[in-house]
Amino acid sequence: MVFLYATPSLFDRFVLPVALPHLPGANVPPRGVGANEVPLGTPPPAPASTAYRLFESPVEDQEWIAYDPCRPVHYVVRPDNAPSGSEGLVQEAVAEVSAATGLQFVDDGTTTEAPSEERDLYQPGLYGETWVPVLITWSSPAEIPGLAGDVAGLGGSDYAQSPGQPLVFVGGQVQLDAPDAVQTLLIPGGRAYLKALVMHELAHVVGLDHIDDPHELMFEENTGRISFGEGDRAGLALLGTGPCAPGL
Ligand SMILES: [Zn+2]
């Protein structure tokens, strides 16, 4: 039996303040790229469950952080080392998180970017003049030491703010342990477990922390659950209602 532990990882990094006006060579993109005036989607009605925890905000006047719902959440996949049998799995997991939050995800295809804890949130040479997309990688303990042992994946986001405005998530990452994933795919139902792992890590990306309740997918240890629980869904629906941040 494969034991899947999935550890949250917020890639803590403030980016502030946003430069104004935007100058060539700036380390942040021009403001408001892709921003709409109203949220692009609507979260589903939240189940009446409190079995969830949101990542705490590091600032006192804001309890939790979310992605800007007024612009799409772009994502890219580094396909290197993707296990045979995992085709389409990331996209299926993204669709689950999109449905549960109302956030609109856009698949920007593949990338050559490697995972990193010190990721530049603005890489115009690779992604154009906008915040970097969520980066999903099939990695390994050799590349990301945090994946050593029973850790099957890591997920989290950076955050940014413009002065006086709420913190919002930008540039998340999901780092999957490809050697572990190969083993998972060998067991009966393994693809569903692996998809659930990606859903778990993506839920970290959009702001959901672990909850000490084995009935939820955000339980720290995988108990064989392959779908979001009521508490997970309540938390994800809330995370779809974050503030819009046109100033970023
Ligand atoms: Zn986790």
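Helices (H or I, at least four residues) and strands (E, at least two) are DSSP runs, numbered from the N terminus.

**Before starting.** I noted that this is a predicted model, where local features need pLDDT of at least 70 and side-chain atom pairs count only at pLDDT 80 or more, while totals for chains, interfaces and linings use all residues. I also noted that residues are numbered from 1 along each chain as its sequence is written.

**Entry 1: H3 and H4.** Two packed helices are described by the angle between their axes and the distance between the axes. Axes are lines fitted to C-alpha atoms, for helices over the stretch in contact, and angles run from 0 to 180 degrees between N-to-C directions. I looked up H3 (residues 178-186) against H4 (residues 190-205) and found an angle of about 140°, with the axes 6 Å apart. That makes H3 oblique to H4 (under 35 degrees is roughly parallel, over 145 roughly antiparallel, 65 to 115 roughly perpendicular, the rest oblique). On the H3 side I listed Ala181, Thr184, Leu185 and Leu186, and on the H4 side Gly190, Arg191, Tyr193 and Leu194; contact here is C-beta atoms, placed from the backbone, within 7 Å.

**Entry 2: H1 and H5.** Next I took H1 (residues 89-101) and H5 (residues 230-239), which pack at about 70° with axes 7 Å apart. That makes H1 roughly perpendicular to H5. Val97, Ala100 and Thr101 of H1 meet Arg233, Leu236, Ala237 and Leu239 of H5.

**Entry 3: what covers H1?** I asked which elements cover the buried residues of H1. Buried needs 20 or more other C-beta atoms within 10 Å of a residue's own, exposed 12 or fewer, and partly exposed is in between, with C-beta atoms placed from the backbone. The buried residues of H1 include Leu89, Val90, Ala93 and Val94. Their cover includes strands S3 (73-78), S4 (105-110) and S5 (134-139), along with H4 and H5. Just after H1, I saw that Gly102 takes a positive phi of about 85°.

**Entry 4: Asn81.** Most residues other than glycine have a negative phi. I found Asn81 with a phi near 70°, a positive value in a residue other than glycine. Asn81 sits in the loop between S3 and H1, and is partly exposed, with 17 other C-beta atoms within 10 Å.

**Entry 5: S6.** For strand S6 (residues 151-160) I found 8 of the 10 residues buried, so S6 is largely enclosed by the rest of the structure. S6 pairs with S7 (residues 168-177) in the antiparallel sense over 7 bridges; pairing takes at least two DSSP bridges.

Definitions and conventions. Two residues are in contact if their C-beta atoms, placed from the backbone, lie within 7 Å.
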